[in-house]
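I am opening a notebook page on this chain. The entries follow the order in which I looked things up.

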Amino acid sequence: MNIIPRMINNAFGDREPWQIAAVTCTATLSTIWLWNFLCQDETLYKRGKKQLFKLARRYVPSIRKKVQEQCISITQSFEKEFIGRIGEVPFLVQLPDTGLSDELIMDVIKTHVEMNGGFNWKAGLVSGTVYRVDDNLSQLMGKVYTAASYTNPLHPDVFTGICKLEGEVVRIACRLFHGDEETCGTMTTGGTESILLACKTYRDYAREVKGIKKPEIVMPVTAHAAFEKAAQFLNIKMRIVPVNEHSFTVSIKAMKSMITRNTIMLVGSAPNFPYGTMDNIEAISELGVKYNIPVHVDACLGGFLICFMAESGYPLPPFDFRLPGVTSISADTHKVSTCIERNR
């Protein structure tokens, strides 16, 4: 038991105190540097590739020239396409000397709204961009926006009624997705913010409750790009799961294999954006229960449509809070929810 101390004493027996202190500090700092170098969010292999590419761009003329040519080509192509869609409409690049009349402002707005690049979006021919165009609904929304345009939900003491309306929308959504009295929610600016808030919640929960310092999300390759944005903002590692080549739904077997001690959430889409297919949320829920991992269902695209499918005679497998593993759902009221009409 005394061999190691004797070896250390023999090695430093003829050293000055300052030399021992210097060696100790150097060894400690070197160990910390090596640890930080090896144990980063990105693997050593990825960082090596990035550094190699940076050096090649800087010091290899042919590569630097090729990259510059591609950047210029992309910029010119974008400008040509964009300017071509604008036509002869001039750009306003500074404040006018005098204010514009109401009529002129509306003329400018009308001109720019009708500048649609040749896409017939009013006919519902631009999937994923505009979901329904209804003149009566547009007029109603215009009146609502006019009445509420100066309200601020951040101040419920001043705008109590707006806070009440938000609570009612949240409670209705909770009931549509079969939540109970403990189910809660919030209104956001859209699906991206909803997904970002879900990821932040699970990251913070995993850090405080489970002690996870290097969080990971296990998600299908077909999941919305907002998850990647959230991962970059919140410093979360993504583990991308492939989909079945026939059903285009996430591979449950592959998802299970990617779960680690650092997994903070599992993701399923109902439906996804690329194919409109619904992942097997039941199976994902079972994984969540088995491994005690929260499950987020992204229903931003069609959540407020599929919750009415059973009532319309097209029952679907459960995808919402009826499943014990599902802990959160994101759904957009501004998409296909405006397509719902009851027979009268």
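The model is predicted.

**Entry: two asparagines with positive phi.** I began with the backbone. Most residues other than glycine have a negative phi, and most peptide bonds are trans. I looked up Asn235 and found its phi near 60 degrees, a positive value in a residue other than glycine. Asn235 sits in the loop between helix 9 (226-234) and strand 2 (237-241). I located Asn292 in the loop between helix 11 and strand 4. With a relative accessible area of 55%, Asn292 is exposed.

**Entry: a cis peptide bond.** Which residues does the cis bond join? I found it between Ala270 and Pro271, with omega at about -5 degrees. Pro271 belongs to the loop between strand 3 (263-269) and helix 11.

Entry: I checked the UniProt record, an unreviewed entry, which places the feature "modified residue: N6-(pyridoxal phosphate)lysine" at Lys335. In the model, Lys335 lies in the segment after strand 5. Is Lys335 buried or exposed? Its relative accessible area is 10%, so I put Lys335 down as buried. Setting aside neighbours within four places in sequence, I listed Tyr131, Phe273, Cys300 and Leu301 as the residues in contact with Lys335.

**Entry: nonpolar cores.** In soluble globular proteins, nonpolar side chains tend to be buried together. I found that the largest nonpolar core here has 26 residues. Val241, Met255, Leu266, Ile281, Ile284, Phe319 and Val326 have the most contacts inside this core. At least two of its residues come from each of helix 10 (252-257), helix 11 (281-291), strand 4 (295-298), helix 12 (303-306) and strand 5 (326-330). Helix 11 gives the most, with three residues. I then took Leu266 and listed what it touches beyond four places in sequence: Val218, Ile259, Ile284, Leu287, Gly288, Ile293, Pro294, Val295 and His296. A second, separate core has 18 residues, including Cys199, Ile212, Ile236 and Ile264.

**Entry: aromatic pairs.** I counted four aromatic pairs. For Phe177 and Phe304, the ring centres are 5.5 Å apart and the planes stand at 50 degrees, so I recorded the pair as tilted. This pair links distant parts of the chain, 127 residues apart: Phe177 is in the loop between helix 7 (160-176) and helix 8 (191-210), and Phe304 is in helix 12. I noted both Phe177 and Phe304 as buried. Ring pairs link Phe177, Phe304 and Phe319 into a cluster, and Phe319 is also among the residues with the most contacts inside the largest core.

**Entry: the whole chain.** The protein chain has twelve helices and five strands. Its radius of gyration is 28 Å, well over the 20 Å that the globule rule gives for 344 residues, so I describe the chain as more spread out than a compact globule. Along the principal axes, the C-alpha atoms fill a box of roughly 95 × 55 × 55 Å. Buried residues make up 25% of the 344. Of the contacts between residues at least 6 apart in sequence, 64% join residues at least 24 apart. The chain exposes about 24500 Å², and carbon and sulfur atoms supply 59% of this area.

Terms used
Residues numbered from 1 in each chain as written. Predicted model: local features only at pLDDT ≥ 70, side-chain atom pairs only at ≥ 80, totals over all residues. Heavy atoms only, no water. Core = buried A, V, L, I, M, F, W, Y, C linked by side-chain atoms within 4.5 Å. Buried < 20%, exposed > 50% of the residue type's maximum accessible area, 1.4 Å probe, protein only. Helix = DSSP H or I, 4+ residues; strand = E, 2+ residues; numbered from the N terminus. Contact = heavy atoms within 4.5 Å. UniProt positions renumbered as here; feature names shortened; annotations may be inferred. Phe/Tyr/Trp six-rings, centres within 6.5 Å; stacked < 30°, edge-to-face > 60°. Rg over C-alpha atoms; globule rule 2.2 N^0.38 Å. Areas by Shrake-Rupley, 256 points an atom, 1.4 Å probe, with all protein chains shown as cover.
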